[in-house]
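Please read them with the structure open.

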Amino acid sequence: MSNETEDVLSGVGPRLKALRLRRALTLADLAQTTGISVSTLSRLESGQRRPNLELLLPLARAHAVPLDELVGAPATGDPRIHLRPIKRHGQTYVPLGSGSGGLQAFKVVLPGGPALPHPDPQVHEGYEWTYVLRGQLRLVLGERDFILAQGEAAEFDTRTPHWFGRATTESVEFLTLFGPQGERVHVRAAPAKH
């Protein structure tokens, strides 16, 4: 076995232990979730047992991390990001980040069509910032009705009844940043002076 492989394998135990502790799990909790015995998990974390796929796959699932994060695989040099679009009510949402709390970013695509959608305003906790990439976006915000063109942005408290839709029969693409209540997007209008 090469030194590089040996180095990768020897780093698995500390990574497993750090992930478990970060999630405040005991070895017994993890054993119950994965079906791997407490003694095997303990030996993996201490480096006394060599990791294999049969052990690493359930651990990766339990910790919700990719397998390469567990083994500390070296970067491949592939800069592509593999985004998984979500389709809801005929709209496509492309998450632009991990979505694990805090500010969340999405690219939203509203497909074109002959009929214009009817507003159905919703209310929820949070704060939202929207930027139109292509097309014209209709934003109903409380009693007000706006048309945002390409390059325009809007921000608002999501406790105000709001709704997005196409303003024309053409498709619309926009970016949206959504944050917890009270967390606003900070946009600098001009470069800082030095």
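1. Strands β5 (residues 137-141) and β6 (residues 144-148) run antiparallel and are joined by 5 bridges. Strands here are DSSP runs of E with at least two residues, helices are runs of H or I with at least four residues, and both are numbered from the N terminus; two strands pair if DSSP finds at least two bridges between them. L141 stands opposite R144 in β6. The hairpin of β5 and β6 has 2 residues between the strands, and in this hairpin G142 takes a positive phi near 65 degrees.

2. The model is predicted: local features need pLDDT of at least 70 and side-chain atom pairs count only at pLDDT 80 or more, while totals for chains, interfaces and linings use all residues. Residues are numbered from 1 along each chain as its sequence is written, and side-chain values use heavy atoms, with hydrogens and water left out.

3. β5 is also joined to β8 by 5 bridges, and these two strands run antiparallel. V140 stands opposite W163 in β8. How many residues of β8 are buried? In this strand (residues 162-166), 5 of 5 are, where buried means under 20% relative accessible area, exposed over 50% and partly exposed in between, with a 1.4 Å probe and protein chains only.

4. The largest pocket holds about 660 Å³ of space. Its lining has 19 residues, and Q91, Y93, H124, E128 and F164 are the closest to the centre. A pocket is an open set of points on a 1 Å grid over the protein atoms alone, where a 1.4 Å probe fits, with protein on both sides within 12 Å along at least five of seven lines; lining residues have an atom within 4 Å of a point. Grid points are joined across faces, edges and corners, and the volume is the space filled by probe spheres set on the points.

5. Which strands supply the lining of the largest pocket? At least two residues each come from β1 (86-88), β2 (91-95), β3 (104-110), β8 and β9 (172-179). The largest share, 4 residues, belongs to β3. By type the lining divides into 9 nonpolar, 7 polar and 3 charged residues; Ala, Val, Leu, Ile, Met, Phe, Trp, Tyr, Cys and Pro count as nonpolar, Asp, Glu, Lys and Arg as charged, and the others, Gly among them, as polar.

6. In helix α4 (residues 38-46), the buried residues are T40, L41, L44 and E45. They lie on the same side of α4, because they cover an arc of only 130 degrees around the axis, taken from the directions from the helix axis to the C-beta atoms. These buried residues pack against α2 (12-22), α3 (27-34) and α5 (53-63).

7. In α2, V12, G13, L16, L19 and R20 are buried. Seen down the axis, they fall within an arc of 130 degrees, so they line one face of α2. The exposed residues P14, L21 and R22 are on the face turned away from the buried side.

8. L30 is in helix α3 and counts as buried because its relative accessibility is 2%. Leaving out residues up to four places away in sequence, L30 touches R20, L25, G35, L41, L59, A62 and H63, a contact being heavy atoms within 4.5 Å. L30 and H63 are 33 residues apart in sequence and 9.1 Å apart in space, C-alpha to C-alpha.
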